[in-house]
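Hi there,

I am passing a structure on to you, together with some notes to read beside it. Please open it first and then follow along.

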Amino acid sequence: VDISLEGAGKIASEGTEEVLNSANPDDENSLADPLKVAPVEGKVQGMGAQFRHAFAAGSVTILTLRSE
């Protein structure tokens with residue numbers, strides 16, 4: 001996905017992402033397995049006023065950007 005943040009000021013090239021995803025879209029948490037679907041945090045490189053990011057299919061992703 002192409003992301004454009006024109007007017008946002010100077011964006012740091014590194015940020016983080018928190019991704020909630022599962023291999024099976026029918027997965028759900030339960031009392032027996034409360035962390036079956038849990039967010040995973042990672043680093044993202046190449047951010048800026050305009051950048052491209054690949055999102056996992058069927059995921060919920062939070063990108064956290066920092067200003068310089």
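**The sheet and its strands**

Strands β2 and β3 run antiparallel and are joined by 6 bridges. Please keep in mind that this is a predicted model, in which local features need pLDDT of at least 70 and side-chain atom pairs count only at pLDDT 80 or more, while totals for chains, interfaces and linings use all residues. Residues are numbered from 1 along each chain as its sequence is written, and side-chain values use heavy atoms, with hydrogens and water left out.

In this pairing, Glu-14 stands opposite Gln-45 in β3. Strand β2 (residues 14–20) also pairs with β5 in the antiparallel sense, over 5 bridges, and there Glu-17 stands opposite Leu-63. Two strands pair if DSSP finds at least two bridges between them.

Together these strands make an open sheet of 3 strands in the order β3-β2-β5, with antiparallel pairing. Its edge strands, β3 (40–45) and β5 (60–64), each pair on one side only. On average, neighbouring strands of the sheet are turned by 25° against each other, direction ignored (axes are lines fitted to C-alpha atoms, for helices over the stretch in contact, and angles run from 0 to 180 degrees between N-to-C directions).

Strand β2 has two faces: Gly-15, Glu-17 and Val-19 form the covered one, and Glu-14, Thr-16, Glu-18 and Leu-20 the uncovered one.

**A look at Glu-41**

Glu-41 is found in strand β3. Is this residue buried or exposed? Glu-41 counts as exposed because its relative accessibility is 59% (buried means under 20% relative accessible area, exposed over 50%, partly exposed in between, with a 1.4 Å probe and protein chains only). Leaving aside its neighbours within four places in sequence, Glu-41 is in contact with Thr-16, Glu-17 and Glu-18, where contact means heavy atoms within 4.5 Å.

**Salt bridges**

How many salt bridges does a search of the whole structure find? The search finds 3, a salt bridge being a side-chain nitrogen of Lys or Arg within 4 Å of a carboxyl oxygen of Asp or Glu.

- Asp-2 forms a salt bridge with Arg-52, and their closest N and O atoms are 2.7 Å apart. Asp-2 lies in strand β1 (residues 2–4) and Arg-52 in strand β4 (residues 50–52), so this pair ties together parts that are 50 residues apart in sequence. Asp-2 counts as exposed at 56% relative accessibility, and Arg-52 counts as exposed at 64%.
- Lys-10 and Glu-68 meet through their side chains in a salt bridge (3.5 Å, N to O). Lys-10 lies in the loop between β1 and β2 and Glu-68 in the segment after β5, so the pair ties together parts that are 58 residues apart in sequence. Both residues, Lys-10 and Glu-68, are exposed.
- Lys-36 and Asp-27 meet in a salt bridge too (3.7 Å, N to O). Lys-36 counts as partly exposed at 43% relative accessibility, and Asp-27 counts as partly exposed at 24%.

**The whole chain**

The protein chain has 0 helices and 5 strands (helices, H or I with at least four residues, and strands, E with at least two, are DSSP runs numbered from the N terminus). Buried residues make up 18% of its 68 residues. Along the principal axes, the C-alpha atoms fill a box of roughly 45 × 20 × 15 Å.

Happy exploring!
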